[in-house]
Amino acid sequence: MLALGLALVGTACNTSGNIPDTSGMKTMMDSISYAVGLNIGKSLNTPESEDLNTYMVFRGILDVKEDKGEALTEEEIQALFTAFQAELNAKAEADLAEKGAKNIEEGIAFLEENEKKEGVKVTESGLQYLVMQEGNGASPTAEDVVKVHYHGTLLDGTVFDSSVDRGEPIEFPLNRVIPGWTEGVQLMQVGAKYKFFIPSDLAYGPQGSPPTIPPSSTLIFEVELLDIVTPEN
C-alpha cells in the first residue's frame with residue numbers, strides 16, 4: 001500500500017511538488033483517494049461487471065470503511081460468487097454453441113462450393129486440397145518430424161498463424177498436430193506446396209483455439225514441405 005501511495009503521490013504532483021489544482025482535491029490525500037477510486041472503477045470496467053449496481057458497490061465499500069456491519073455473511077458471499085460464475089459459464093457455453101453452429105453452416109457451404117473448383121481434390125475424410133507446386137522428394141509418414149512453412153487463415157481471410165509472416169519455418173512431429181495436417185502433409189513430397197481446406201472436425205472442433213480460432217471453424221492453410229527431419233525419439 002505504501003508503494004502504491006508513493007506512486008500515486010508522484011503522479012498527483014506537478015514538477016514543483018504542489019498538488020494539481022483540480023476541483024475538489026484540496027489535499028494530497030484527496031488526490032490519492034480519487035486515484036484509488038479510479039483504480040477501483042477501472043477494475044470494474046469489464047464485460048462481466050457491466051451490470052453491477054454502482055450504488056451497491058459504494059455501499060459495500062462504505063459498510064466496511066465505516067464499520068457499519070456487513071449485510072452478507074462470508075458464506076453467502078461465497079455462494080453468490082459460485083452461482084454467478086456458474087451463470088457466466090452457462091452464458092459462455094451458449095455463446096460458444098451459437099457461434100459454432102453458425103461457423104459449421106458457413107464451413108459446409110464453403111466446402112460444397114470449393115470442391116467444384118478446378119484442381120481441388122477431396123479425400124475420404126472430407127479434407128480438400130489443391131496442389132500449388134509438386135515436389136520431387138520423399139513423402140513423410142505420421143511418425144516423421146517435418147519442417148514446413150505455412151500460412152493459416154479463416155474463411156474471411158483473417159490470418160491466425162503464419163510461419164511465412166514470421167520468416168521462420170517450423171518443425172514438428174506430424175502425429176501431434178490437427179488431423180487435417182497429419183493426413184494432408186503425408187500426401188506431399190518434399191519441395192511441394194499445397195493448399196488445404198480443413199473442415200472443423202479435422203481442425204480444432206467445437207472448442208476452436210482461443211483467442212485466434214473461433215469454435216467449429218473451417219481453416220485454410222498454404223503449406224510448403226521443406227524437409228523430413230530425423231524422427232523424434
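1. The model is predicted: local features need pLDDT of at least 70, side-chain atom pairs count only at pLDDT 80 or more, and totals for chains, interfaces and linings use all residues. Residues are numbered from 1 along each chain as its sequence is written, and side-chain values use heavy atoms, without hydrogens and water.

2. The largest pocket holds about 1,100 Å³ of space. Its lining has 25 residues, with L52, V57, L80, F81 and F84 closest to the centre. (A pocket is an open set of points on a 1 Å grid over the protein atoms alone, where a 1.4 Å probe fits, with protein on both sides within 12 Å along at least five of seven lines; lining residues have an atom within 4 Å of a point. Points are joined across faces, edges and corners, and a volume is the space filled by probe spheres set on them.)

3. Helix α4 (74-114) gives the largest share of that lining, nine residues. By class, the lining of the largest pocket has 14 nonpolar, two polar and nine charged residues. (Ala, Val, Leu, Ile, Met, Phe, Trp, Tyr, Cys and Pro count as nonpolar, Asp, Glu, Lys and Arg as charged, the others, Gly among them, as polar. Helices are DSSP runs of H or I, at least four residues, and strands of E, at least two, numbered from the N terminus.)

4. The second largest pocket, of about 460 Å³, is lined by 19 residues, and V36, G37, I40, F58 and I61 lie nearest its centre. Seven of the lining residues come from α2, the largest share.

5. Strands β3 (145-153) and β4 (159-162) pair in the antiparallel sense over three bridges; pairing requires at least two DSSP bridges. T153 has V159 as its bridge partner. Five residues separate the strands in this hairpin, where G157 takes a positive phi near 95°.
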